Amino acid sequence: MNSSSRCSSSKLRILYIAYPLLPLSEHSAGGAEQVLWTLERTMHARGHSTAAAACDGSHVSGELFATGAPAEQLEQFHAREQEQSEKIVRWLRAGAASRFDFLHDMSGSFWRHGGEVPLPILATLHLPRSLYSGIDFSSVPEQVSFHCVSESQRTEFADLPRMLSVIRNGIALDRFPARLVPREKREYFLWLGRICEEKGTHTALDVAHAAGARLIVAGTVYPFLYHQKYFAREIIPRFKRGGSRVRHIDRPTFVEKVEVLANARALLITSEINETSSIVAMEAAACGTPVIALRRGALPEVVADRLTGLLADNAEEMIAALSRINEIDPEQCRRYAEEHYSAGRMADDYETLYRQMLTECSAMKQL
């Protein structure tokens, strides 16, 4: 079968590349890891051959190529990244490349090794441009194509070559309850995510304090020095100030995460960076829980203002929005999630993009 036929009809053979920081599993906390796990799971269920190169301890639906221990400190990241990339390159050049049609790089950096492996590479850009400050985009290997996860993000990468369609993230809706908690039984607001400065955890605590509202902060302080210093400097004093109105759930399991999402009056998103997507906003909608978010980056693309939540320009507007949250219908949130956020929709979009990329690669080889 020639490559053109494979592009149009056959099952795909895909190697996914994960970030080298954390194991990949259904319990992954990072957004990029959750997207990769969900996509690999869905593509494998559709009969495609899938493999993932990821940290030791990862659990995937297809084959796992374990690349080494996770980095325990952010300061180890670059060394761990290099170690993972070199291990993958050796494995592919030793013969494994023949088992795949292409690589889907979700690590943000493996694509730079494109000249060392004989396969097309699709690189997903998960982060804002400012967080790729250490990466040189001026010399991109010919077989590498890029894509973004939102329109607002794509405007930051307009200069990159071979930029393909935007593919918005999706979630595994089957993991979230369709039976919604009645609005009158919801007693607290929720902040959920990595506790760090760029996620603005302190702002959520300030907003809830100003409104006299109960707040659950569900999230982990990663073992990175600047995260830990932020937690000690900005968060612990606010926990003490909030007293019984504030509760912290450290390292919530997936079951705990779903429970606190489903029972929250609203999820607060207080990011100080231009988010390129928001998995947690999608998960909230799937639970029938509205979102109150700062109008940053792609959040206006994810949160349907006055339909699945309320957008605010600053903390003062967020405080006012807390009293208006009953304007949002939980049933409508769930319907919107089913129509726009599903893993099936995401997989459909990626299948189309994969085949487009392979067709274009085949055409270039024939020139």
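Is glutamate 81 buried or exposed? Glutamate 81 is buried, with a relative accessible area of 11%; buried means under 20% relative accessible area, exposed over 50%, and partly exposed in between (1.4 Å probe, protein chains only).

The model is predicted, so local features need pLDDT of at least 70 and side-chain atom pairs count only at pLDDT 80 or more, while totals for chains, interfaces and linings use all residues. Residues are numbered from 1 along each chain as its sequence is written, and side-chain values use heavy atoms, with hydrogens and water left out.

**Stop 1**

Select the open sheet of 6 strands, which has the order 3-2-1-4-5-6 with parallel pairing. Its edge strands, strand 3 (63-66) and strand 6 (144-148), each pair on one side only. Neighbouring strands of this sheet are turned by 20° against each other on average, direction ignored. Two strands pair if DSSP finds at least two bridges between them; helices (H or I, at least four residues) and strands (E, at least two) are DSSP runs, numbered from the N terminus.

Next, display strand 1 (residues 13-17) and strand 2 (residues 49-54), which run parallel and are joined by 5 bridges. Arginine 13 stands opposite serine 49 in strand 2.

**Stop 2: helix 3**

Select arginine 80, in helix 3 (residues 77-93). Arginine 80 is buried, with a relative accessible area of 4%. Leaving aside neighbours within four places in sequence, arginine 80 is in contact (heavy atoms within 4.5 Å) with Pro20, Cys55, Thr67, Gly68, Ala69, Pro70 and Ala71.

Return to glutamate 81 and show arginine 112: the two form a salt bridge, the closest N and O atoms being 3.6 Å apart. A salt bridge is a side-chain nitrogen of Lys or Arg within 4 Å of a carboxyl oxygen of Asp or Glu. Arginine 112 lies in the loop between strand 4 and strand 5 (121-125) and glutamate 81 in helix 3, so the pair ties together parts that are 31 residues apart in sequence. Arginine 112 counts as partly exposed, at 36% relative accessibility.

**Stop 3: further salt bridges**

The count comes to 25 salt bridges. Select glutamate 351 and arginine 46, whose closest N and O atoms are 2.7 Å apart in a salt bridge. Glutamate 351 is in helix 12 (residues 343-366) and arginine 46 in the loop between helix 2 and strand 2, 305 residues apart. Glutamate 351 is buried at a relative accessible area of 17%, whereas arginine 46 counts as partly exposed at 27%.

Then colour Glu197, Asp206, Arg233, Glu234, Arg238 and Arg241, which are linked in a network of salt bridges.

**Stop 4: helix 7**

Move to helix 7 (residues 254-262), whose buried residues are Phe254, Lys257, Val258, Val260, Leu261 and Ala262. Among the elements that cover these buried residues are helix 2 (31-45), strand 7 (188-194), strand 10 (264-269) and helix 8 (279-286). Lysine 257 forms a salt bridge with glutamate 283, the closest N and O atoms being 3.0 Å apart. This pair links helix 8, which holds glutamate 283, to helix 7, which holds lysine 257, 26 residues apart.

At phenylalanine 254, show arginine 175, which lies over the face of the ring at 3.7 Å from the ring centre. A charge sits over a ring if NZ of Lys or CZ of Arg is within 6 Å of the ring centre and within 35 degrees of the ring normal.

**Stop 5: aromatic rings**

The structure holds 14 aromatic pairs. Tyrosine 336 and tyrosine 341 form an edge-to-face pair, 5.6 Å centre to centre with 70° between the planes. Rings of Phe, Tyr and Trp (its six-membered ring) pair if their centres lie within 6.5 Å; planes under 30 degrees apart count as stacked, over 60 as edge-to-face and the rest as tilted. Both tyrosine 336 and tyrosine 341 are buried. Finally, select Trp111, Tyr132, Phe137, Phe146 and Phe157, which ring pairs link into a cluster.

Note on methods: Axes are lines fitted to C-alpha atoms, for helices over the stretch in contact, and angles run from 0 to 180 degrees between N-to-C directions.
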